[in-house]
Amino acid sequence: MRIRDFEIDQLRRGEKQSIWLDIAARAGGSDWRLPLQTVIGAEAGPTLLVLAGVHGDEYEGIAAIPQVYRAIKPQDLRGCLLMAPVCNMPAYEALQRASPIDGLNLARVFPGDVDGSITRQIAFWLTRKLLSRADFLIDLHTGGIAYEMPTLIGYLHDGGELGQASQAAAAAFGAPVMWGHPLPLPPGRSISAATTLGIPSLYTEAPGGAGCDPDVVACFCDGVTNVMKHLGMIRGGLRQRRLTHHLLGDGNLDTVIDAPGDGFFQREVSLLENVKRGQRLGAILDPTGAEMAPVEADQAGLIIMLRGIPPVKVGDGIAHITQPYHSGL
């Protein structure tokens, strides 16, 4: 089915199905397609949209969505569950973060452009056909191949209705780390598009790497299910991880400590370590092991992101530092 012809209202109550939606033509005569798994409850209720594979090298969310799909029965569901396990098929097929076709990062071009390149078209149709019809969004991310992050749930930190709904759902999700982001959110993200539409949202991060960590997959499955319980879509108690850190920051991972030159990054700190401004985080080495440049903290706080792949080029992201949450903020 062409995605422009897809309508949520055409889905039949009490049924679940996996479908493919054609987005745009690709070389060779076939189409770029979006997989969509839907569960329509026997009773009316909220619509939850869950996305994964927005970056093509982030695998735990891609693994989690089919597991949630298999576990949810329409007769037990109140509302509508929409899940897209691989949003960025060009990047996924290329085993990389961004699209090899247009070089764009899908997580930076929402709400997209129907007349744009393939990445912008994907963002447009995700926004038009799915996000705009949702009552809540969860976007499942990890650090991908290049970066390491703690398993966390990110939410909008704001005193308004959207912020309160987002933070309450983040607490229900049950990840070890909660990371709140005050307005304005960085542009181009699914969550910033959701905020513009008045839709509360969450997103995840996790350690990343080239594999697919079963514990992270289980955390994501439990978290999505917990949010469904929190929204009154299904019954049951919450299965949560113990909260170890509650953090606050802008969440903009485009603004990070960059590699000052090409070389091999040898780190000297760990994720969630508390560092001081100017503290050494590591160094850039040449192939003989000689130090070419130190890498230092640009502020005091906790390390929320670290480079996972040691070889770096000048300008590659090395680390990001954020702050602990204080209830008075």
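**Notes on pockets and backbone**

1. The residues lining the largest pocket divide into ten nonpolar, ten polar and ten charged (Ala, Val, Leu, Ile, Met, Phe, Trp, Tyr, Cys and Pro count as nonpolar, Asp, Glu, Lys and Arg as charged, and the others, Gly among them, as polar). This is a predicted model, in which local features need pLDDT of at least 70, side-chain atom pairs count only at pLDDT 80 or more, and totals for chains, interfaces and linings use all residues. Residues are numbered from 1 along each chain as its sequence is written, and side-chain values use heavy atoms, with hydrogens and water left out.

2. Of the 30 residues that line the largest pocket, Arg 97, Arg 108, Arg 189, Glu 205 and Leu 253 lie nearest its centre. A pocket here is an open set of points on a 1 Å grid over the protein atoms alone, where a 1.4 Å probe fits, with protein on both sides within 12 Å along at least five of seven lines, and lining residues have an atom within 4 Å of a point.

3. The peptide bond from Phe 110 to Pro 111 is cis, with omega near 10 degrees, and the bond from Leu 183 to Pro 184 is also cis, with omega near 0 degrees.

4. Leu 95 has a phi near 60 degrees, a positive value in a residue other than glycine, and this leucine is exposed, with a relative accessible area of 58% (exposed means over 50%, buried under 20%, and partly exposed in between, with a 1.4 Å probe and protein chains only). Phi is likewise positive at Leu 272, near 70 degrees.
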